[in-house]
Amino acid sequence: MNAIIALSLFGISNLFLGFLNNRKILLPATLVFILIALGLNFADWNHEYYWFNNMLKTNNLSVNFVTIILLSTFLVVAISRSFGDDDEHSHPAEYYAILLFSAVGAIMMVTFENLIMLFVGLEILSVSMYVLTGSDKRSLRSNEAALKYFLMGSFATGILLFGVALVYGATSSFDIHGIAQGVAKAKEQMGGAYGPLLYSGVILIMVGLLFKISAAPFHFWTPDVYDGAPSIFTAFMSTVVKTAGVAATYRILSISFPSVYGLWGNPLVYIVCATLIIGNITAVYQQSFKRMLAYSSISHAGYLLITVLAKRPETNSSLLFYSLAYAIATITAFAVLMVVSEAQAKNGKADESFEALNGLANNNPLLAFSLTISMLSLAGIPLTAGFFGKFFVFSDAFSNPSSLFKWILVIAILMSTVGIYYYFKPIIAAYMKKGEVAKIELSPLYKFILILTTTLTILLGLAPDLVKNIF
Amino acid sequence: MIPFVFIAFIVLTVISACVVLWSNNVLYAAFSLLLTFFGIAALYVLVGADFIAITQLLVYVGGILVLLLFGVMLTNQNGNKENGKNDIIGTNTNRLIGFAVAFGLFALLFFTFAKANFVNIQSNLFESIETFSTTQNIGVLLMTDFVLPFEVSGVLLMATLIGAAYLSSKTKV
Amino acid sequence: MLTLSLILLPIIAGLITLAIKGETAKTVALVFAFAELALGAYLYKSFVPDATSQFGLSYDWIHSAGIKFSVGVDGISLILVFLTTLMVPFIILSTFGNNYKNASNLYALILFMQAALVGVFTAKDVFLFYFFFEAALIPIYFIAAIWGGENRIKVTFKFFVYTIFGSLFMLLALVYLYLLTPGTHSADINAIYEAAKALDLSTQSYLFGAFFIAFAIKMPLFPFHTWQPDTYVEAPTAGTMLLSGIMLKMGVYGLIRFILPIVPLGVDQWGFVAIILSVIGIIYGSVIAIQQKDMKRLIAYSSFAHVGLMSAGIFSRNLEGIQGSLIQMLAHGINVVGLFFIVEIIERRAKSRELSLLGGITQTTPNLTVYFIILMLGSVALPLTNGFVGEFLLLKGVYEYNAWIGAVAGLTIILGAVYMLRMVQKSMFGITSKITEGFTDLTFNEKAVLFPLSFLVIALGIAPNIFLKLTEPAVSQLLSIIK
């Protein structure tokens, strides 16, 4: 909670800092702000508390999720390279401010206890992302992406809100624990079957949230939006928004609606299978690295949903570990993509295809190595954190006694194998194809971040217990 | 008498909404939107939510619709000319899918409300409206139980303001 | 502690080698490889020939899941660890004549692979085994894909995906068994053995299938072998030596360690099919080898044939069969590394591996001829060579299982002789061709590799008991578990 207040204040401070002529101070200042918020977040450890009349609840699970979100924000800001210091077209102060505000929204989405807070947090996160998606005003793709995201996102929020209203009608409470009690009471009153109000409400809430994490068949906005937005904001979207969305979905489904598992479990099974299949198979056909990463994020949403579906006691730590591994690997991939695509820019437009990576290893060993480790992690190859992430998710699904999960597991494993194909394309291009990428100069902070994320991926791949014990 | 008024306002709202969708003239559409909002405000009154009705009038009609009209009138270059083609609706397959989705949503909502057990509807609602206003209660709740969403909406508005200001600022090409 | 250092030393060596640029990387890597060999020899010396697992150690790895980092050496692992530590110095030494770009990376990857291989053979926790099993793929993929031949990108990628796909089935089987262990689950291999005793036939058949696919792709067995000839040919010689000398033994080791004790009923039911597939592989591989013109491909197919015999011996489930496969693994490792090195030597000098273009090399290279013939005879399994011990035991084991299959498998000796002798004759004897004129004899480095290997071929042929004695108690214990 204190992190929310702090981040809001810091967002405004960023705006004021933007008045100064010195742009170089913005990046370090924002990093410091995020670290302070992270510290305030840790102060809530082992301290379960309801804030402001049961609006928010901080407990260990939420502290962990907030840590992952703030860590991802930190990394994204660190690789943002000040949005071009000398470029008069960029407004770094506004970008950092909006990023901090969207972090506020994300934090609210993982700590909410009342559906109103879920809605407000979701809106803050979404509106900030609409703006940031369209922030490259000179690019037509960016404008198109922003408009698409805005229209479809507003629709999804509208559906979510309608679902909330229907659930309120069925249980007369906005508080998620109150809803759980209301559901139980409704069951008594109607003798086993729930009314259609509750059914529709749950489905609509789920649809609204699943849109945000781009699960199929609500994923159609993802490739165009991720592709059109500036890469740095795509990195933020595919990590923070997804983590917050999955955390929110898990929170509401596991606290309010565990007794109606049959209602939301069955559609979710089909959604998970569709997500995995569509995400992985379409990614195979992509020629652009950025678009491939967009489709891969769809498939990762599928894996995360498997463990939400499995409803085991270990789901908490599996979700957290997978989100962490996925966030770190994706940010590394985007970091490499950003520098390489700009270095290989053709006609002033950044080249985001796989060909731009040809021969990367010859002159840029650090970039190539980080790229390789992040791709291996996303594919789930042992020695990387992604392997253990997938392992924990799959063993959750395996432990669930229902036989349906065996089939889901088979599909997930098959799709993982398909995933190896397209995750290896960048590795092959970097190491084995002939091409020339000039030596790219990286700032010390950039190199530090690349080394940090790569080391963290390998470290978590060898000793996952380091963080799993905490989770 | 009351049910008759209720149905009249529903008809008004729906017809105005249809005009908004299918009219070829943007100005006609904007004014029909005005009528739609009025109708919805009236429906709010009939349900007993007086504060929401006033807010609807103030915010939607007085704020948003006025802005919309400004935008339409300042940028409408075709004036009163009729545009025969409507480019928005699109090809036949898209129309079919659109119909299917809309129909599905309608069916969902219809069955939900038809089968729902609506309880707690006060039978003396229309009598009690005159003596009982929701405004004070909402005000108190907003400052006590629901103060956090109220304040955090400020962050949302801030982000929106920054975004709007940034997106509409002049770009040096 | 000894086992852990056997795994850690190559990792540290690899990291150090990465940091060194230039010519000295070779020597540093070689020194570390010999140090590892010394550790391996020490392990061998201090091993007590009984059925227990020695030099073990166990750390909590993933506490919440009951997975431990648990390693140990028993008789079966000993021989394979020894093979690994023995071969890697020779593999590194064999690259000295080549000039590779970014050589320090190559040597680092070879050392990392050695660590992963030792890990596979000493893991006593099934997930650790799976972890190392997969981790070994990464260095070899990069070795083959960066320093390999023309077609390497597609071929190595096919190899990688095919192998990982197979091992995913094994992972499913392991997770299933892990969940069967009582209480908070444990992934220790003995616990898995216990849990597996309670399985019924149909479950065992599924598990057999899952394990079998993983190992059959790795070895390879017919019909999962399509990745093998291309990958062996496209990889650089050091990579091929690692693949055929040590990595394919991972599959055979898996058969012994996992399939036989965990799903004995499944083996009863399906082992016959497995043996048939193995024997088909032997005949098929040998016949195709006879028709090969490219020496490297020929030896690749011969490797495929040899591994079929090893697998048939294991599925025969008697003491001779398993002992035979163990000693044959060691012998085949030595032979095939030597043979591939000789192909490399010929390719270095004559720039070609085509048998029709070669000939008459022996006229200028007496040393090379001697070593080539010794290694070739070892591969053909002439008595007094190491190959003979292995093949004799294997054939005896298969014959005891089923006399007809044993007889067909015995054809391997004849067919093996055909393609091996043909290869030697066409390349070494006869008139010199254009490319083999002026073929210089062996350099010191090359002799340093070939002489010890040839010595071992004969030494193991004369005194195989040095190893057989050590492995026998462990194998007997394994067989008693199966009963």
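1. A residue is called buried if 20 or more other C-beta atoms lie within 10 Å of its own, exposed if 12 or fewer do, and partly exposed in between, with the C-beta atoms placed from the backbone. By that rule A:Ala345 counts as partly exposed, because it has 13 C-beta neighbours inside 10 Å.

2. This is a predicted model, in which local features need pLDDT of at least 70 and side-chain atom pairs count only at pLDDT 80 or more, while totals for chains, interfaces and linings use all residues. Residues are numbered from 1 along each chain as its sequence is written, and chains are lettered from A and ligands numbered from 1 in the order in which they are written.

3. A:Ala345 sits in the loop between α13 (315-343) and α14 (360-363) of chain A; helices (H or I, at least four residues) and strands (E, at least two) are DSSP runs, numbered from the N terminus. Leaving aside residues up to four places away in sequence, A:Ala345 touches A:Ala350 and A:Asp351, where contact requires C-beta atoms, placed from the backbone, within 7 Å. Its C-alpha atom is separated by 8.6 Å from that of A:Ala356, eleven residues apart along the chain.

4. Among the two pairs of chains that touch, chains A and B have the most contacts, with 25 residues of chain B in contact with 29 residues of chain A. On the chain B side, the elements giving two or more residues are α4 (92-115) and α7 (147-167), and α7(B) gives the most, with 14 residues. This side of chain B divides into 16 nonpolar, six polar and three charged residues, where Ala, Val, Leu, Ile, Met, Phe, Trp, Tyr, Cys and Pro count as nonpolar, Asp, Glu, Lys and Arg as charged, and the others, Gly among them, as polar.

5. Between chains C and A, 18 residues of chain C are in contact with 18 residues of chain A. The elements of chain C that give two or more residues to this side are β1 (54-62), α5 (126-135), α6 (137-147) and α7 (152-180), and α7(C) gives the most, with eight residues. By class, this side of chain C has 15 nonpolar, two polar and one charged residues. No contact joins chain B and chain C, and their closest C-alpha atoms lie 38 Å apart.

6. Within chain C, the domain assignment, which is automatic or from a database, gives domain 1 (1-262) and domain 2 (265-483). Their C-alpha centres lie 21 Å apart, and 48 residues of domain 1 of chain C are in contact with 54 residues of domain 2 of chain C. The largest share of the domain 1 side, 14 residues, comes from α11(C), and by class that side has 34 nonpolar, eleven polar and three charged residues.

7. β1(C) pairs in the antiparallel sense with strand β2 (residues 67-73) of chain C over six bridges, where pairing requires that DSSP finds at least two bridges between the strands. The bridge partner of C:Gln54 in β2(C) is C:Val73. The two strands form a hairpin with four residues between them, and C:Gly66 in the turn has a positive phi of about 70°.

8. Helix α3 (residues 50-75) of chain B has a kink of about 30° centred on B:Leu65, the bend being the angle between axes fitted to the seven residues ending at a residue and the seven starting there.

Methods
Expected span 1.5 Å × (residues − 1).
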